[in-house]
Amino acid sequence: MLGYKFELKNVELAKLSEEDLPNVARFDCGEDEINHFLKDEALEEQDGGLNVTVLLYYGERNHRWNMFRNFIYKKHIAKLKLIGFYSICADAILLTEEERDDIPYAVAPALKIARLGVDKSEQGRWFGVFMIEYVKREAKRLRNELGIRFVTLDAYLNNVEYYKRFGFVINERNKRKNIISMRARF
């Protein structure tokens, strides 16, 4: 997707680890529930095999470090700013007869964006767009290794229109009161 308001070369994605916790403690996306998840639940849930949380760091860096990422990685990350994160897990969604198209089953496999947040000081620069598009590309890549037909997420009512801009539609069989289940086909 074109139009990012940042330099892609300065983005570093890293799986959440204990060494990231000082940066995580300073993170604030403006949503208490999302902040609580990242700070208090994400690592434990990841260790329990429930999801994987990926942190988006941003900043100027010495690009030669990438070759030695495993050796000096955490020292390198300390110089970057934690901008956002996403947490993903396996999912399955119920589809109505009309929603199935060419899918012969009522339940379809998916990769779920379980949580996503961008630090409020960096919102509006398209980091969230980047993470959504990145997860969709990863799902497409993973489709060659396991069955995935959709990327799903649960949206707060005030975010439904935002996600529609990226091809997400409401799952008719999974409606709830304050959270809307959505899917994007790829």
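## Briefing: cores, strands and salt bridges

Y163 touches L116, I132, L153, A155, F168 and M182, with residues up to four places away in sequence left out of the list. The model is a predicted one. Y163 is also one of the residues, together with L56, F168 and M182, that touch the most other members of the largest nonpolar core, a set of 31 residues.

**Nonpolar cores**

- Another core lies apart from it and has 15 residues, including F27, I34, F37 and F85.
- In soluble globular proteins, nonpolar side chains tend to be buried together.

**Strands**

- Of the 5 residues in β1, 4 are buried, which leaves the strand mostly covered.
- β1 pairs with β2 in the antiparallel sense, over 5 bridges, and E12 stands opposite Y57 in β2.
- S87 belongs to strand β3, which spans residues 81-94.
- With a relative accessible area of 0%, S87 is buried.
- Beyond its neighbours within four places in sequence, S87 contacts F37, N51, V52, T53, K112, I113, A114 and R115.

**Salt bridges**

- The whole structure contains 12 salt bridges.
- E99 and R183 form one of them through their side chains, at 3.1 Å from N to O. E99 sits in the loop between β3 and β4 and R183 in strand β7, so distant parts of the chain, 84 residues apart, are linked.
- R149 forms a salt bridge with D102, with the closest N and O atoms 3.0 Å apart. R149 is in the loop between α4 and β5, D102 is in the loop between β3 and β4, and 47 residues separate them.
- D102 is exposed, at a relative accessible area of 53%.
- D101, D102, R149 and R185 are linked in a network of salt bridges.
- D154 and K112 meet in a salt bridge at 2.8 Å, N to O. Because D154 is in strand β5 and K112 in strand β4, the pair ties together parts 42 residues apart in sequence.
- D154 is partly exposed, with a relative accessible area of 29%, whereas K112 is buried at 17%.

**Cysteines**

- The count of disulfides is 0.
- C29 is buried, at 8% relative accessibility.
- C89 counts as buried because its relative accessible area, 19%, is under the 20% limit.

Terms used:
Residues numbered from 1 in each chain as written. Predicted model: local features only at pLDDT ≥ 70, side-chain atom pairs only at ≥ 80, totals over all residues. Heavy atoms only, no water. Helix = DSSP H or I, 4+ residues; strand = E, 2+ residues; numbered from the N terminus. Buried < 20%, exposed > 50% of the residue type's maximum accessible area, 1.4 Å probe, protein only. Contact = heavy atoms within 4.5 Å. Core = buried A, V, L, I, M, F, W, Y, C linked by side-chain atoms within 4.5 Å. Disulfide = S-S within 2.5 Å. Pairing = 2+ DSSP bridges. Salt bridge = Lys/Arg side-chain N within 4 Å of Asp/Glu carboxyl O.
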